[in-house]
There are 2 protein chains.
Amino acid sequence: MKLKVKEVKLSTGGPLIAILTQKDARLLDLSPGDRVLIKRPKVKKEITCVVDISSMGIKNGEIGFFEEAFKALKAKSKQQVEVNLAEKPKSIYYIKKKLEGIELSGKEINEIVKDIIANKLSEVETTYFIAACYTKGMKLREAAKLTQSIVDNGETLKFKSKVLVDKHCIGGVPGNRTTMLVVPIMAALGYKMPKTSSRSITSPAGTSDTMEVLAPVSLSTKKIKKVVNKTGGCMAWGGAVNLAAADDKLIKLRHDLSIDPLGMMLASIMAKKKSVGSTHVLIDIPWGKGSKVANKKDAIKLKKLFIKIGKLLGMKVKVVMTDGTQPVGSGIGPALECSDVIAVLKGDGPNDLREKGVFLATEMLKLLKVRRPKKKVLDILDSGKAYKKFREIIIAQGGLKRPNIPSADLFYEYKATKAGKVKEINNKQISKLARIAGAPDDKVAGMYLRVRVHNKVKKGHILFTLYAKSQTKLDNAKKYLKSIKPIIY
Amino acid sequence: MKLKVKEVKLSTGGPLIAILTQKDARLLDLSPGDRVLIKRPKVKKEITCVVDISSMGIKNGEIGFFEEAFKALKAKSKQQVEVNLAEKPKSIYYIKKKLEGIELSGKEINEIVKDIIANKLSEVETTYFIAACYTKGMKLREAAKLTQSIVDNGETLKFKSKVLVDKHCIGGVPGNRTTMLVVPIMAALGYKMPKTSSRSITSPAGTSDTMEVLAPVSLSTKKIKKVVNKTGGCMAWGGAVNLAAADDKLIKLRHDLSIDPLGMMLASIMAKKKSVGSTHVLIDIPWGKGSKVANKKDAIKLKKLFIKIGKLLGMKVKVVMTDGTQPVGSGIGPALECSDVIAVLKGDGPNDLREKGVFLATEMLKLLKVRRPKKKVLDILDSGKAYKKFREIIIAQGGLKRPNIPSADLFYEYKATKAGKVKEINNKQISKLARIAGAPDDKVAGMYLRVRVHNKVKKGHILFTLYAKSQTKLDNAKKYLKSIKPIIY
């Protein structure tokens, strides 16, 4: 059936959607949610769209395309296109197979990933795949195949170096801005580390939110390559590039219910690393009360999985289990965390953050079988070479020559009401408090911790200072503070 | 945050979607897929929408609403509304619970169904619920609670009669148009039978497609009530009314992957019955090779489940297991099946269809504890009273006084190429053949079967006649016929 293209100036945020009138849909025996194959015969261009039926805006004989589909088809308005019912993709049967609990082959998983990327699978169908992996579990070899398929069906970065290092922290600990220490240390030591990070979802700051205080982080793959080839490292936002694009689609749908099938979580992390060509990967698993991994047993289980999947993917993986029971560093929030990082690179700053940065870089060197690793890390840090490298990377990404960190005008000091010893700092409440104060959107907002677990405090001692950009947000944070006990002493 | 309403003249086919610009979304910390609560403070009207972010069509300070949301809000263009991030509904946690395999309480299931109806759960979230029920299974009491919730959160029909009869066939057998016999028989016997049926999805005709040859089937609930109060029965299309509306949403999402969690299938059937107030329900399970239920064991299992869920719902349920290995009746396709039904009601027509109609009505009377049930059914049929009632119902629904059945001009006779005895008639191939010939959209299209299993055939004997409205469709059917063996002899 031939229909005339009509552009619908609206975005769907991903899926390719075509709109037909009731009458035309009936002629093609289409129901909403069915797939149609759209062909532009002269140029051999074809796309698959999901059908929406509407009586408004579209006339009989017309086919409307939302922004994404219109761009994908590269057609012009009023142009004629050939519209036919598309067959159900094979990947649907593989998803049904997985729903029955049957292990999928690499070929089957690849077909699913390919169809996710080509928009041949709808969000509902992809959700069934996630739910199937969640409820039926995934074999580790399925997770490895999923990782490989995500990499194969997305953009990749290629560097000439035989060794490319990378790190990942599974998160859940406020502050903990170690990437911004490890990248300049490793780059200053002569290694290539093309690091992409995420923005915060539920935390007060992600590495990208923090790095953005100093330099742009939305870099193209071309720019990432240029920065890394010049300086050895980068700290870019993963969301700005198309690396592991299938994973981004899966994450969006997992986020809707905040479910995280273990195999998909592994694939998600490893695909980001593999797509930039990483050969040596250090994984940080903070564990303990109040962190994502609550106990040692689960941390060890996860550690083993990371090492095994690394082997299946031909990557050297080292896993460290660290203390996840309290924040790392004093600043919580983009600008405040940024200050901590710069202070450490200058030879000052919070001890715990410095120690963790040194520890991670040392473990990375151990993975690379480098001799006297800790000495090398301390030398590069204390000589100021890591800080010099940090500034090089900032400039290469397009940031300022002299890092200038903004600060908040409004603050509130939270004081101890009695003497005691700090027993616990609640990660979740600290995160929420900093977010209510405005982090990460207000770069200057957040808090500065003055104590750690085991510290003795006197009555009137400042436990932390809250920072905010607006009085309303500071008041909201103070109000929330009254309902919680973020520091127990 | 206050934004100005803008109407987007497009339909989503269900979900309530609001569109914001990137800038406004950022101010509210919204991502695509998040929920917003829209308030019109003066009239205390509020709705929950899912957020879409678009740079096109909508300006900063505006909020776009697709057709469904615009209608639900009852706002005018340019009117100001208050927009806030909506909290995640509690039902999301219950869905996650089900994904973990934990049985849900009636209250939890009701919360999910309520939120499906109110569009507070997105299609993706509802899909997780279906997948959870499919992979983790449902307890029978969960299916009963789901049934009750679907009924409670939808429109219902109320009649004064203490006894309301209903029937359901789980389908899969071509022809088999018994509802159109049982309804007039029961109504002529003085019972109330407010029957709603579906249209065909994959078969050559549903009861609604067939009844539509004679009378309108898209009746409002008001009209259904009027017809049933006047005549005792009706044969309406379930899709035109809002009875068990939550079930329609679930069916749409199950249809995407054609998965049918057993508990949901039971709930779906029972909710349609319960929502019209049925007290006595007869369920027909055709079983055997080539039908939906392949073996006796599965049929018995299903039978027990229907009886049990009936008890939990306070309904009298009788289940009959019938022969599902070959079509019932000679006509396949709306008009052809209609002819069979009228012939039987007039005392003629295919024997197998007549016998099955009599059997089902008799079983229904047994369920009602009526004495000498078969004699009563035969009397009402053979006296012409059932046919009189049938015509009454047609007229009450708005059909013609004298049923006038259209017929096809084009036909093709499929003849036996050798002598033999019919061993098998393939339900699936017969269905597909009739659909390729144009059924159910072309009312006259389909086929007329001249043989049944065990019949002896001579060479040249007509096995069936294909009917079509257009030469192309007849040719397509003939082409398909060459690739299959619908009748084995």
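I started with the barrel in chain A: 6 strands close into it in the order β1-β5-β2-β4-β3-β6, and the pairing is mixed. From one strand to the next, the twist averages 45 degrees. For this I took axes as lines fitted to C-alpha atoms (for helices over the stretch in contact), with angles running from 0 to 180 degrees between N-to-C directions. Two strands pair if DSSP finds at least two bridges between them. Helices (H or I, at least four residues) and strands (E, at least two) are DSSP runs, numbered from the N terminus.

A note on what I am reading: this is a predicted model, where local features need pLDDT of at least 70 and side-chain atom pairs count only at pLDDT 80 or more, while totals for chains, interfaces and linings use all residues. Residues are numbered from 1 along each chain as its sequence is written, and chains are lettered from A and ligands numbered from 1 in the order in which they are written.

Next I looked at one pair of strands. Strand β2 (residues 17–20) of chain A runs parallel to β4(A), over 4 bridges. Ala18(A) stands opposite Val51(A) in β4(A).

Then I stepped back to the whole chain. I found 18 helices and 19 strands in chain A. Its radius of gyration is 25 Å, close to the 23 Å from the globule rule for 489 residues, so chain A is as compact as a globular protein of that length. (The radius is taken over C-alpha atoms, and the rule is 2.2 Å times the number of residues to the power 0.38.) The C-alpha trace of chain A spans about 80 × 55 × 45 Å along its principal axes.

How do the two chains relate?

Last, I checked where they touch. The contact takes 36 residues from chain A and 36 residues from chain B, with residues in contact if their C-beta atoms, placed from the backbone, lie within 7 Å. On the side of chain A that touches chain B, α5(A) gives the most, with 10 residues. I also noted that 97% of the interface residues of chain A are interface residues in chain B too, so the copies meet through the same surface.

Methods. Contact = placed C-beta atoms within 7 Å.
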